[in-house]
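Hello,

Here is the structure I promised to pass on to you. Have a look at it first, and then read on for what turned up in it.

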Amino acid sequence: MIDHYIHLDFNRQRGLQEQLRETLVSAILGGGFPADEPLPSCRKLSQQLAVSRNTVALVYESLLDNGYLVSRPRSGYYLHPDYQSSESAEPPRMHEVHRSDAPFDSTRERAPDWGSRLKMQPSLKHGVLRPSNWTRFAYPFVYGQPIRELFPLERWREVSRSLLRGDRDPCWMNDRFDRDDDMLIEQLRTRVLPKRGIWARSDEVLVTLGSQNALYLLATLLMSKGVRVAMENPGFRDALSLFELRGADVQLQSVDEQGLVVDSRLHGCDYLYVTPGHQVPTGVAMSAARRTALLRQISQHDQVVIEDDYDAEFNLDHQAQPALKASDTSGRVIYMSSLSKAFSPGLRIGYLVADAELIDELRALRRLMYRHPPLNNQRMLAEFLAQGHYDAHLRRFRDEHRRRRDTLRLALDDALPSCQPMGSPGASAFWLRAPEGVDTQRLAWAAAQQGVLFEAGAQFFFNEAPPSHFMRLGFHAIDAARIGEGARVLGNVLDTL
């Protein structure tokens with residue numbers, strides 16, 4: 001009988017059977033059990049892990065049913081022959097397949113020189129810098145993360161259980177080639193887009209793996225060397241990286257209190273990438289006058305706008321402007337958004353709205369990449385929308401979003417009076433201008449030592465010498481009760497610099 005120790009740190013938020021099964025499957029697939037010896041008995045393993053014998057027995061029976069184990073009467077559970085590792089089954093090494101009479105050349109085992117083969121290096125295009133262990137910080141004022149405790153898990157489970165009932169048509173199991181779930185398209189078209197003033201036909205909507213995937217599809221299809229693209233500075237760095245990887249010539253355009261500056265420097269551009277709802281990262285809402293000027297500009301100079309409406313679902317501006325796409329009468333605005341910020345970033349469901357001719361080509365390109373986003377997620381989201389769960393969640397989310405925003409605003413006024421908030425009060429993060437001479441990169445490092453995490457603003461500028469006294473603070477990832485304390489800690493760190 002196998003006599004080695006099986007270690008398992010049980011997570012109270014997951015079932016015992018689920019965790020034990022996962023551990024045993026990993027050991028089986030990793031060759032951790034010998035082929036000719038039984039696995040530990042139910043009694044012995046239950047004693048070792050301090051769980052009931054029934055729990056172990058049920059897990060063993062499930063592994064037996066799934067073909068991982070075989071049962072031998074009065075002997076125990078053994079590995080199924082398909083999972084018995086054998087040295088003879090290992091693939092031969094490279095030198096073993098050479099002719100026996102040929103001398104072995106060790107240079108044949110060298111890996112390819114990938115550096116000389118790469119046609120581009122995406123790894124050199126960094127995004128917003130954030131430590132991987134950000135969840136361990138006491139005061140994570142990071143942006144783009146959900147308010148996890150608000151996720152409507154029970155409603156999501158209800159929809160999932162209903163979708164997986166035996167009497168339901170499992171249409172989501174089929175490969176739809178390049179088509180999206182019809183129900184989700186209809187929900188987006190009739191329930192989501194009209195909130196932003198957009199009315200679209202079903203052939204003008206494409207589901208994507210989030211807004212960034214939509215941007216990648218557009219850059220791949222529309223941009224190459226010689227194409228000129230205007231974008232905001234400061235702005236969304238991943239957009240800049242995508243445009244540059246495609247070889248496009250990027251025209252950096254400044255931002256003022258009304259949004260993107262519209263002037264003669266834009267005349268030679270083919271595309272204009274903008275975030276008019278709330279500019280990234282400043283949070284400025286593009287004014288009505290600037291929107292009119294922008295739409296007139298693209299009409300006069302045969303241009304196309306790519307509108308990224310990333311926080312459309314919880315815009316708290318008083319009398320918020322509709323999407324630019326709502327005023328588009330010539331098909332010159334490509335609209336993209338997602339359900340990530342207010343619902344679940346991990347779900348990765350976004351959407352594009354554009355002329356049907358462009359959507360057809362984007363659909364064909366998407367098919368060559370991954371056919372379509374997972375249909376089970378599409379149908380679950382469609383059901384979730386149709387049953388009103390999403391709108392109910394959105395009301396709760398907006399209330400909590402507003403409460404946290406107001407809490408942080410008051411805390412910043414008290415703890416960092418020398419830092420000036422900029423942008424719209426309805427934005428989904430705070431963009432602050434610290435006093436001249438304050439290096440927020442240095443401030444970020446010092447604050448991190450005290451458990452405070454925020455984003456230094458220099459990384460959002462694309463100049464060779466970016467200004468160093470800006471910073472962005474989000475308020476979704478931090479516990480609401482710690483917002484005030486975190487702001488005070490940050491203020492104390494700033495005072496010591």
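Let's start with a mixed sheet: it is open and has 8 strands, in the order β4-β11-β10-β9-β8-β5-β6-β7. Its edge strands are β4 (205-208) and β7 (259-260), and each of them pairs on one side only. Please keep in mind as you look around that this is a predicted model.

Inside that sheet, strand β5 (residues 228-233) and strand β6 (residues 249-256) run parallel and are joined by 6 bridges. If you want a pair to look for, Glu232 has Gln253 in β6 as its bridge partner.

Helix α6 (residues 182-192) touches β4 and β11 (350-353), and its direction makes about 110° with that of β4. Helix α7 (residues 211-222) touches β4, β8 (271-274), β9 (304-308), β10 (333-338) and β11, with a direction at about 150° to that of β10.

Two prolines in loops are worth a visit. The peptide bond from Asn233 to Pro234 is cis, with omega near 5°, and Pro234 sits in the loop between β5 and α8 (237-245). Another cis peptide bond joins Val280 and Pro281, where omega is about 5°. Pro281 belongs to the loop between β8 and α9 (288-300).

Now for the chain as a whole. It is divided into domain 1 (16-83), domain 2 (128-144 + 393-495) and domain 3 (169-387). Between the C-alpha centres of domain 1 and domain 3 there are 50 Å.

There is also a database record for part of the chain: an unreviewed UniProt entry carries the annotation "domain: HTH gntR-type" for residues 14-82. In the model, residues 14-82 are 51% helix and 12% strand, and the end C-alpha atoms of the span lie 29 Å apart. While you are there, take a look at Arg74, in the loop between β1 (69-72) and β2 (76-79). Arg74 is not a glycine, yet its phi is positive, near 55°.

A second open sheet has 4 strands in the order β12-β13-β16-β15, with antiparallel pairing. Which sides of it are left without a neighbour in the sheet? β12 (420-422) and β15 (455-456) stand at the edges with a single partner strand each, so one side of each has no neighbour in the sheet. β15 pairs with strand β16 (residues 470-473) in the antiparallel sense over 2 bridges, and Glu455 stands opposite Arg472 in β16. Helix α12 (residues 389-415) lies across β13 (430-433) and β16, and runs at about 15° to β13.

Finally, a helix pair. Two packed helices are described by the angle between their axes and the distance between the axes. Helix α5 (residues 153-163) and helix α11 (residues 375-386) pack at an angle of about 115°, and their axes are 10 Å apart. The crossing of α5 past α11 is right-handed. On the α5 side the contact involves Arg155, Trp156, Val159, Ser160 and Leu163, which meet Asn376, Arg379, Met380, Leu381, Glu383 and Phe384 in α11. Sorted by class, this contact of α5 with α11 has 6 nonpolar, 2 polar and 3 charged residues.

Enjoy exploring, and write back with any questions.

Best wishes

Definitions and conventions. Residues are numbered from 1 along each chain as its sequence is written. This is a predicted model: local features need pLDDT of at least 70, side-chain atom pairs count only at pLDDT 80 or more; totals for chains, interfaces and linings use all residues. Side-chain values use heavy atoms; hydrogens and water are left out. Axes are lines fitted to C-alpha atoms, for helices over the stretch in contact, and angles run from 0 to 180 degrees between N-to-C directions. A crossing is left-handed if the near helix is turned anticlockwise from the far one by less than a right angle, and right-handed if clockwise. Contact means heavy atoms within 4.5 Å. Ala, Val, Leu, Ile, Met, Phe, Trp, Tyr, Cys and Pro count as nonpolar, Asp, Glu, Lys and Arg as charged, and the others, Gly among them, as polar. Two strands pair if DSSP finds at least two bridges between them. Domain bounds come from an automatic or database domain assignment. UniProt positions are given in the numbering used here, feature names are shortened, and annotations may be inferred rather than shown by experiment.
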